Amino acid sequence: MKRVQRWLRGEGAQGLFLISPTLVFAVLLLAIPLIMVVALSFWTQDYLTLDRTFTTANYQTAWTEPMYQYLMARSLKISMFVTALTIFLAYPVAYFISFRVPPKRKAMWIFLITIPFWTSYLIRIFLWKVILGYNGVINGSLTGLGLIDQPLSFILYNQNAVVLTLAHAWVPFAILPIFVALEKVDRSLIEAAEDLGDSKLRRFLRVTLPLSMPGVIAATIIVFIPTIGDYVTPRLVGGPNGLMISNMIELQFKKANDAPLGSALAISAMAIVTFVSLIFIWLNRKYIRGPGA
Amino acid sequence: MTQPIIQLSGLDKYYGNFQALSQINLDIKTGEFFSLLGPSGCGKTTLLRAIAGFEVISAGSLHIDGASMEDVPANQRPTNMVFQSYAIFPHMSVSENVAYGLKARRLPKAEIEKRVAEAISMVGLDGFGDRASHGLSGGQRQRVALARALVLKPRVLLLDEPLSALDKKLREQMQSELRQLQRAVGITFVLVTHDQEEALTMSDRIAVMFDGEIAQVASPQELYGKPTNRQVANFIGQMNFLDAKVMGVDGDKVLVDVQSLGKLTLDLHQATGGIEGCNVVGVRPEMLTILDGSQAAEREIEAEVCEVFYYGDMTYYEVILPFTEAKITITMRNTAGRKVLGEGETARVGWSQSSLLLLK
């Protein structure tokens with residue numbers, strides 16, 4: 001009894017109490033559904049009846065069927081393009097706020113970056129449809145200026161549109177970690193690089209960029225993981241060639257009435273994301289520790 | 001007479017309306033160990049950064065090695081800097097840090113390796129080349145910063161308070177090492193410090209700065225022995241001041257009426273900053289003696305001991321002079337057989353007229 005009381009007063013117990021609401025929430029809404037999906041992926045379904053005998057057939061289908069392989073590869077490719085484009089767009093903005101904006105104004109600039117979130121993501125997707133569509137803003141202005149005779153068709157309902165829309169949505173999330181990493185770069189290090197003879201570009205490449213890599217890698221993980229499983233964007237702007245693995249998972253659960261195969265696809269996608277993320281985390285640790293450690 | 005390595009003339013620096021440096025005229029000789037000394041906020045770091053090229057000067061001229069530094073960016077100046085924070089690149093090893101500037105100059109790999117090894121060994125870090133820079137102690141980081149700058153063989157090495165982050169014992173050790181290193185490499189060192197002891201022990205010459213202006217440039221001995229005004233005298237060591245009034249000048253003699261001491265005739269050269277405007281007489285605490293028994297001095301005055309601070313090897317006395325209640329400090333070495341006086345006792349204070357300075 002005494003031991004329990006002592007444990008309750010200890011730091012470990014207090015920490016557990018502190019996170020307990022989150023813990024309950026996570027167990028109920030994440031762990032239990034996840035266990036159910038894992039279980040489901042080893043069963044089979046015939047119309048509405050579940051056969052609970054253990055089988056790995058779903059995984060064999062998921063990994064060998066060319067269509068699933070193709071969709072998985074396409075999802076990976078799209079999210080990699082999105083991540084690359086997002087970082088490419090976010091880095092200059094983060095650099096500008098960290099190095100060019102006076103300290104007093106930085107908070108305001110960060111605040112301005114959140115403005116896109118004031119409208120729903122769905123509305124922002126529809127806005128992109130308006131911009132990119134057959135009679136949209138871009139095509140309208142280009143034909144109006146006489147630059148093209150026919151509206152451009154390669155800008156909507158394909159993978160380009162998915163990449164563009166997703167990158168636009170995720171840029172603010174990438175700016176923040178890169179900005180934080182840049183803020184942590186000791187300015188005297190950049191002066192030291194200048195003092196030792198480096199030009200502006202060279203001292204960026206040799207000092208600022210390597211020291212901000214933890215932020216770039218954090219941004220990569222933040223953007224890559226959710227976009228690979230994105231479902232609504234390809235559905236609305238992707239067209240038939242822009243569909244991704246999540247759209248197939250939905251199809252299996254609903255129209256195809258094959259929840260076990262859908263589960264196997266979902267778990268497989270998760271495994272791939274985990275693998276890629278581990279590589280980034282390993283890279284991050286390497287950058288944080290530096291050489292020789 | 002060789003040309004000065006650094007020539008500053010009429011240099012001004014403004015930040016908005018604030019004047020950080022005002023009319024700096026200074027020549028630094030080739031190969032000397034020069035210190036910029038002053039309290040914090042006096043502009044000494046701004047001046048150093050202007051020489052390095054990190055601050056654009058508002059007016060005046062700056063020449064290094066005879067060449068104007070106007071429009072020459074920091075990365076093209078023949079100077080290198082040891083930063084106050086040392087600014088060691090955390091993502092590089094010790095030898096990569098030292099090689100940084102050589103790689104910027106795109107030297108052949110073999111030469112870089114050779115010079116890095118020499119520089120690392122010069123600062124006593126043999127065997128540390130592959131160490132990660134973030135595991136180093138303060139003293140080791142400073143050595144890396146020194147090696148990284150000196151490996152480029154600059155014409156001038158600029159040091160921004162390099163010892164302020166170290167503990168007392170290490171600081172004293174690094175003072176003598178820096179001095180030896182400067183002699184060995186023969187490069188001009190310009191050191192910024194707020195520590196007068198550090199400046200006195202290391203430098204060939206010192207510029208004392210207050211409020212963006214240079215108050216005096218002199219060798220350590222001259223600076224201590226013949227400060228040209230009251231502010232410098234008070235910043236470099238301790239000094240007692242007594243109000244004084246110049247009664248008249250006759251040839252190379254000055255007649256002065258000094259608080260508590262009465263009318264004195266001093267030599268004109270005892271007014272180190274010029275006779276114009278002099279209103280105090282200064283004397284260092286160690287130039288005064290408390291006379292023991294039958295000891296005699298050129299001049300004596302009786303005073304009441306009001307406070308005694310016993311330091312073991314030394315005793316600091318505060319005494320009150322008769323007539324005007326002026327308080328002065330006297331430091332005495334505790335030699336064999338000398339009696340330490342107590343508070344309230346009467347002391348015979350001995351002094352000589354030549355130890356007085358006439359200041360403004």
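In the predicted model, five strands of chain B form an open sheet, in which they follow the order β13-β12-β11-β14-β20 and the pairing is antiparallel. From one strand to the next, the twist averages 40°.

One of the pairings in the sheet can be followed down to individual residues. Strand β12 of chain B, which covers residues 253-258, pairs with β13(B) in the antiparallel sense, and 6 bridges join the two strands. Within this pairing, B:Val258 has its bridge partner in β13(B), namely B:Gly262.

At the level of the whole chain, the domain assignment divides chain B into domain 1, given as 6-225, and domain 2, given as 238-360. The C-alpha centres of these two domains of chain B lie 40 Å apart.

Chain B also touches chain A, and the contact involves 24 residues of chain B and 19 residues of chain A. On the side of chain B that touches chain A, at least two residues are supplied by each of two elements of chain B, β6 (79-82) and α2 (94-104). The largest share of that side is contributed by α2(B), which provides 3 residues.

Note on methods: Residues numbered from 1 in each chain as written. Chains lettered and ligands numbered in written order. Predicted model: local features only at pLDDT ≥ 70, side-chain atom pairs only at ≥ 80, totals over all residues. Pairing = 2+ DSSP bridges. Helix = DSSP H or I, 4+ residues; strand = E, 2+ residues; numbered from the N terminus. Axes fitted to C-alpha atoms, helices over the stretch in contact; angles between N-to-C directions. Contact = placed C-beta atoms within 7 Å. Domains from an automatic or database assignment.
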